[in-house]
Amino acid sequence: MIWSLNETLPREDIEEIQLKRLKHAVRNAYKNVPYYRDQFKKLGIKPKDIQTLDDVRLLPMTTKEDFRLNYPYGLFARDAKDIVRYHASSGTTGNPVIVGYSRKDLENWKEDIARIVTMAGVTKRDTAHISFGYGLFTGALGLHQGLEKVGAGVVPMSSGNSQKQIKMMKDMGATVLIGTPSYALRLGEVAQEMGLDPREDLKLRVGCFGGEGSTEAMRNKLNEVFGMFATENYGLSELGGPGVSGECTQLTGMHINEDHFLCEVVDPVTLEPLPPGEVGELVITPLTKDVLPVMRYRTKDLTSLHYEPCACGRTTARMSKVSGRTDDMMIISGVNVFPSQIEEVLFSTEGIGTNYLIKIKTENHIDKIEIDVEVVDNAYLESVDALERLHKELQTKMHTTLGIRPKINLVENKSIERSEGKAKRILDLREK
Ligand code: DLL
């Protein structure tokens with residue numbers, strides 16, 4: 001099912017809506033956000049200079065740092081009387097990013113999520129269990145309201161207390177699981193520890209996962225563990241939270257809510273636009289925000305844009321899976337390495353678990369990585385030869401895929417700390 005006709009418009013009509021809304025967003029930023037007025041002045045531009053969609057490139061770019069420098073409300077175009085909700089990013093250091101929503105912003109957010117869960121296959125007949133943490137994080141309340149709009153029954157479980165999560169999912173017959181993919185896998189593990197078979201004892205049929213990257217191998221694991229159809233969706237606090245894009249049942253990439261978000265992919269170094277299909281940094285201009293009309297937000301997420309028709313009938317552009325973040329990239333012995341490449345290798349190897357930890361260290365002024373990997377198949381523990389073979393297999397695969405030979409530590413099952421939200425896969429032990 002398709003939620004909104006706006007998802008099926010001919011390209012010219014989508015672009016016409018985008019241009020009209022872009023002009024409006026630019027006027028909102030210029031008129032109501034002194035920070036942007038200054039930026040426009042520095043660049044020598046006025047809102048009237050935006051006459052085509054390509055003119056978006058004239059606009060200033062915005063980074064997380066700009067949010068920090070203007071903390072807490074410096075980028076807001078509305079004051080307290082128009083704001084009905086606040087959220088904040090999950091940043092671990094310094095000031096968080098504070099975001100505000102007017103009533104209209106909340107309506108648009110619900111609409112975007114309603115589209116995304118509908119494209120994943122969720123209907124009003126479903127019972128949706130939300131395992132994102134409720135609170136300042138945009139994930140839980142964002143998905144919550146969109147699911148209600150569709151008419152699904154929402155179980156606002158929040159994160160943590162994993163055994164109780166399983167009991168509630170089982171007893172309430174949840175058919176949809178919402179959360180981070182890594183926590184969903186943890187829940188599968190806990191169900192098994194409780195003596196349950198998640199495929200038989202739970203009724204989950206669809207997963208809507210997001211908030212962190214996941215590989216195809218991870219999707220396959222989720223489908224295998226729960227017997228579900230796992231989909232992913234994407235968004236970020238600075239642009240309101242989840243709701244930027246999501247996968248339909250064709251799994252051909254994440255359909256972008258293009259009437260609400262104008263996406264560009266640029267070379268992360270030169271900032272020049274890249275053609276469709278080429279991987280670069282995703283830059284997004286939200287088109288309908290009252291409170292936060294952010295101009296060209298640099299997400300640091302690496303992806304590509306695709307415009308070929310999708311068999312689902314939607315005409316909106318799709319973004320490919322996020323292959324990493326520009327700030328997640330490790331340079332080891334001169335080679336660029338992304339955690340997602342490591343995950344692909346690990347998840348395509350038999351006998352090891354879905355939790356791992358990448359440790360970056362400095363030895364003699366050179367960066368090195370070590371990867372802790374859990375051995376889950378007990379057969380390996382009974383034979384030193386088998387363990388050595390596994391170790392060698394992983395090393396060879398890592399070398400072929402990454403071009404480097406990281407140190408691999410095979411560790412006991414369940415010895416790596418589990419996260420109940422976004423997984424922490426990298427431990428940076430470099431001397432600062
Ligand atoms: O994670 C918003 C969200 C919540 C999206 C729930 C989807 C579902 P932040 O905490 O601000 O917001 O983190 C945003 O998370 O820039 C990406 O690096 C990463 N991210 C989010 N979704 C995906 C995804 C929410 N599907 C940051 N694939 C983003 C890869 C993702 N990375």
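## The shell around the ligand

Strand E7 gives the most to the shell around the ligand, with 5 residues; strands here are DSSP runs of E with at least two residues, helices are runs of H or I with at least four, and both are numbered from the N terminus. This is a predicted model, in which local features need pLDDT of at least 70 and side-chain atom pairs count only at pLDDT 80 or more, while totals for chains, interfaces and linings use all residues. Residues are numbered from 1 along each chain as its sequence is written, and side-chain values use heavy atoms, with hydrogens and water left out.

There are 20 residues around the ligand, of which Glu232, Asn233, Ser237, Asp301 and Lys422 come nearest; a residue is near a molecule if one of its heavy atoms lies within 4 Å of it. By class, the shell has 6 nonpolar, 9 polar and 5 charged residues, where Ala, Val, Leu, Ile, Met, Phe, Trp, Tyr, Cys and Pro count as nonpolar, Asp, Glu, Lys and Arg as charged, and the others, Gly among them, as polar.

## Polar contacts and cover

In the polar contacts described here (pairs of N or O atoms within 3.5 Å), a side-chain N or O atom of Glu232 is 2.8 Å from a nitrogen atom of the ligand. An oxygen atom of the ligand lies 2.6 Å from an N or O atom in the side chain of Asp301, and a polar side-chain atom of Arg325 is 3.2 Å from a ligand oxygen atom. Of the 620 Å² of accessible area that the ligand has on its own, the protein covers 93%, with areas taken from the Shrake-Rupley method with a 1.4 Å probe.

## The antiparallel sheet

Strands E10, E11, E12 and E15 form, in that order, an open sheet with antiparallel pairing, two strands being paired if DSSP finds at least two bridges between them. Strand E10 (261-266) and strand E15 (324-325) each have a single partner strand, so one side of each is left without a neighbour in the sheet. Between E10 and strand E11 (residues 280-286) there are 6 bridges, and Cys263 stands opposite Ile284 in E11.

## The mixed sheet

Another open sheet has 4 strands in the order E20-E19-E18-E21, and its pairing is mixed. Its edges are strand E20 (407-412) and strand E21 (426-428), each with a single partner strand, so one side of each lacks a neighbour in the sheet. Strand E18 (residues 352-363) runs parallel to E21, and 3 bridges join them; Lys359 stands opposite Leu427 in E21.

Conventions
Polar contact = N/O pair within 3.5 Å; in protein donor to acceptor, adjacent residues only side chain to side chain.
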